[in-house]
Amino acid sequence: MSMTLLEMTSARRGSLRRVSGPAALRRAARERGGEQARHVPTLARELLELLDPQPGQCAIDCTFGDGGHARLVAERLGPSGTLVAIDRDPVAEEGFARLEREVPCAVRFIRAGYAEALELLAREGLRADLAYFDLGMSWMQVDARERGFSHSYDAPLDMRMDPDQPLSARELVAEWDERRLARTLRDLGEERRAAAIARAIVRRRSRAPIATTLELVEAINSAVPAPARFGGGHPAKRSFQALRIAVNDELGQLDRALQRAWGLLRPGGSLAAISFHSLEDRRVKRFLADRARGCICPPDLPVCACGRTPEAEPLTHRAVVPTPGEPAQNPPAGAGRLRVSRTPLAAAAA
């Protein structure tokens, strides 16, 4: 990063520090109607019920986005509470500036990846009562056609959540070799035609650079048999997901951030994550299950010798999914999966 985390950090209520970001992104967000009706956050009622924010507590919103969950949590925290919001997208900071004026609690914004921001908070000695993630893309990123996240619009091939980072989807598509592209599409997009699509991308870029989303879609379509293009969703959907995850190191960020967020929790504190595809959900499930596990001695050992005790109490024994009515109003919510665990009251958080 070109800036230090301290330079990217804003102060508490009353002294919000403006962090410079691409003016074009902020201007485009305002032109789309920054004050319009806000997007309804996925699984909001279930998240509030399970986390149960109380007045005076400290909460960390690790993926602020449009601030839908943050607003609801902040209202529960009251004037004596604190909300720390994290996001690497400069457009999210614009939304935070609005929220700061409207909620009762003390607030703070950190513009950084959530793994790095949580590490900063750990160094500062912050302890939280609850932390939560709303993973994947936010609606404002999908809506911003000029940012190249969607296969539905022709736009520059970008996909960066942090527009200050050097790697974009255009560089990835232009520079990664065929084997690496295929592995990325297969592992991060679960794309069964990964090898054929990677080969088509390399063949297309040998003639001319792939600079736009439409050019990438055309390359992908050329590798997909015609009958398969009209069933099971857009043929480029999985490839776009894979490239976006790779560009933004989303799974690496998540693996580091789960550990760091857990370490910030006070005894009795809760960690929640809403995921939207199996790659995220498996990581969250495994992380929470590992912490809920007790003795790991061989089953034939008559007495426990490891001394391991659970450091998590699951509040969701299986993923919570949206009620049938929620996807009807917000179709992407249908893929949402919520998992929550709590640290033991009698033991310090690990």
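These legends walk through several close-up views of the predicted model shown above.

Two notes before you start. Residues are numbered from 1 along each chain as its sequence is written, and side-chain values use heavy atoms, with hydrogens and water left out. Since this is a predicted model, local features need pLDDT of at least 70 and side-chain atom pairs count only at pLDDT 80 or more, while totals for chains, interfaces and linings use all residues.

**View 1. The whole chain, to get your bearings.**
The chain's secondary structure comes to 14 helices and seven strands. Helices (H or I, at least four residues) and strands (E, at least two) are DSSP runs, numbered from the N terminus. Of the 350 residues in the chain, 51% are buried. Here "buried" means under 20% relative accessible area, "exposed" means over 50%, and "partly exposed" is in between, using a 1.4 Å probe and protein chains only. Take the contacts (heavy atoms within 4.5 Å) between residues at least 6 apart in sequence: 71% of them join residues at least 24 apart.

**View 2**
Seven strands line up in the order β3-β2-β1-β4-β5-β7-β6, forming an open sheet with mixed pairing. At the edges stand β3 (106-111) and β6 (313-314), each with a single partner strand, so one side of each is left without a neighbour in the sheet. Two strands count as paired if DSSP finds at least two bridges between them. In general, strands of a sheet pair through backbone hydrogen bonds, either parallel or antiparallel.

Six bridges link β2 (residues 82-87) with β3 in the parallel sense, and V84 has R108 in β3 as its bridge partner. On the sheet packs helix α4 (residues 90-102), which touches β2 and β3 and makes an angle of about 170° with the direction of β3. Helix α5 (residues 114-124) lies across β1 (58-61), β2, β3 and β4 (128-134), running at about 125° to β3. For these angles, axes are lines fitted to C-alpha atoms (for helices, over the stretch in contact), and the angles run from 0 to 180 degrees between N-to-C directions. β1 and β2 also pair in the parallel sense, this time over four bridges, with I60 opposite V84 in β2.

Three bridges join β1 to β4, and the two run parallel; D61 has Y132 in β4 as its bridge partner. Six of the seven residues of β4 are buried, so β4 is largely enclosed by the rest of the structure. β4 also runs parallel to β5 (residues 265-275), joined by six bridges, and D134 stands opposite I274 in β5.

**View 2. Three phenylalanine rings in one cluster.**
F64, F96 and F109 form one aromatic cluster. Rings of Phe, Tyr and Trp (its six-membered ring) pair if their centres lie within 6.5 Å; planes under 30 degrees apart count as stacked, over 60 as edge-to-face and the rest as tilted. The structure holds five aromatic pairs. In one of them, the ring centres of F64 and F96 are 5.8 Å apart and the planes sit at 75°, so the pair is edge-to-face. This pair links distant parts of the chain, with F64 in the loop between β1 and α3 (68-77) and F96 in helix α4, 32 residues apart. F96 also pairs with F109, tilted this time: 5.1 Å centre to centre, with 40° between the planes. The relative accessible area is 3% for F64, 0% for F96 and 0% for F109.

**View 3. Helix α11 and its surroundings.**
Ten of the twelve residues of α11 (residues 237-248) are buried, so this helix is largely enclosed by the rest of the structure. Among the helices covering those buried residues are α8 (178-189), α10 (213-222) and α12 (250-264). After α11 comes D249, whose phi is positive, near 50°.

**View 4. D162 in its loop.**
D162 is found in the loop between α6 (139-143) and α7, and is buried, with a relative accessible area of 13%. Its side chain makes a polar contact with the side chain of R111 (2.9 Å). A polar contact is a pair of N or O atoms within 3.5 Å; within protein, one must be able to donate a hydrogen and the other to accept it, and residues adjacent in sequence count only if both atoms are side-chain atoms. Not counting residues up to four places away in sequence, D162 touches R88, R111 and N248.

Conventions
Expected span 1.5 Å × (residues − 1).
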